[in-house]
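Keep the sequence and the 3D view open while you go through them.

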Amino acid sequence: MSCSSKHKIAVQGVLGCMILLLGFWHIRYSYANKLNNKACTMADSEKAMRTIEKAIKLNPMNPVYYANMGLLYAATDTAINLRNYMALSKVSSEALDKSLAYFHLANNMAPKNRLFSLNLGLLYALNGKYLKAKSFFEKAVENSDEEENYYGPYFVRAINNLLKQKGRL
């Protein structure tokens with residue numbers, strides 16, 4: 001067998017292994033996406049959380065999975081709602097803390113995602129941390145197109161008014 005034949009066989013072997021690995025990763029990530037999508041339709045929050053945890057284990061680099069977990073934690077606490085946000089009721093709970101933690105993970109992975117910033121702003125406002133909320137609302141506005149920018153400016157104005165009332169702006 002000539003040197004070029006051995007080289008050709010080695011190259012084919014390496015390419016074959018790469019194709020197998022890429023196929024494996026594609027199947028793994030596709031399954032993780034299916035799990036995440038399935039979790040989003042489940043009525044049982046605990047089961048949905050376990051399903052998303054599996055998706056995260058399969059693909060820990062997808063920020064949407066972390067954001068969905070943050071939404072699930074927020075949904076488990078009845079105090080986390082727009083009514084309490086508008087009434088300036090300060091909410092403090094384990095679910096809120098976990099929701100914030102998961103949204104921070106998502107935001108760190110995709111810092112230009114306006115929805116992650118907007119949700120962090122809402123959660124911090126519910127927690128009574130208005131300056132942090134304001135910074136995330138401003139970040140959401142900064143990372144939005146004009147067409148997408150419907151809530152961000154409203155929240156920034158609302159937080160500015162609130163901070164003025166509290167004498168912190």
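**Exercise 1. Describe how E138 and its salt-bridge partner sit in the chain.**

Solution. 
- Step 1: E138 has a relative accessibility of 35%, so E138 counts as partly exposed. Buried means under 20% relative accessible area, exposed means over 50%, and partly exposed lies in between (1.4 Å probe, protein chains only).
- Step 2: Find the partner. The side chain of E138 meets that of K134 in a salt bridge, at 3.7 Å from N to O. A salt bridge here is a side-chain nitrogen of Lys or Arg within 4 Å of a carboxyl oxygen of Asp or Glu.
- Step 3: K134 is buried because its relative accessible area is 15%.
- Step 4: Helices (H or I, at least four residues) and strands (E, at least two) are DSSP runs, numbered from the N terminus.

Before going on, a word about the model: it is predicted, so local features need pLDDT of at least 70 and side-chain atom pairs count only at pLDDT 80 or more, while totals for chains, interfaces and linings use all residues. Residues are numbered from 1 along each chain as its sequence is written, and side-chain values use heavy atoms, with hydrogens and water left out.

**Exercise 2. How many salt bridges are there by this rule, and what joins E94 to K98?**

Solution. 
- Step 1: The count comes to two salt bridges.
- Step 2: One of them links the side chains of E94 and K98, at 3.2 Å from N to O. Side chains of opposite charge can pair when their charged atoms come close.
- Step 3: E94 and K98 are four residues apart in helix α5 (residues 94–109), so about one helical turn separates them.
- Step 4: E94 is exposed, with a relative accessible area of 56%, whereas K98 is partly exposed at 32%.

**Exercise 3. Find the patch of positive charge on the surface, and say which helix gives the largest share of it.**

Solution. 
- Step 1: The patch gathers K38, K47, R50, K54 and K57. Patches are made of residues with over 30% relative accessible area and no salt bridge; like charges are joined within 9 Å, and nonpolar side chains (Val, Leu, Ile, Met, Phe, Trp, Tyr) within 5 Å. Lys and Arg count as positive and Asp and Glu as negative, while His and the chain ends are not counted.
- Step 2: Helix α2 (residues 45–58) supplies the largest share, four residues.
- Step 3: Take R50 from this helix. R50 is partly exposed, at 46% relative accessibility.
- Step 4: Now turn to T51, also found in helix α2. T51 is buried, with a relative accessible area of 8%. Not counting residues up to four places away in sequence, T51 touches L35, A39 and M42; contact means heavy atoms within 4.5 Å.

**Exercise 4. Summarise the chain: which elements does it have, and how much of it is buried?**

Solution. 
- Step 1: The chain has eight helices and zero strands.
- Step 2: Of its 169 residues, 38% count as buried.
- Step 3: Among contacts between residues at least 6 apart in sequence, 57% join residues at least 24 apart.

Terms used. Accessible areas come from the Shrake-Rupley method with a 1.4 Å probe; for residues, only the protein chains shown count as cover. The place of a charge is taken as NZ of Lys, CZ of Arg, CG of Asp or CD of Glu.
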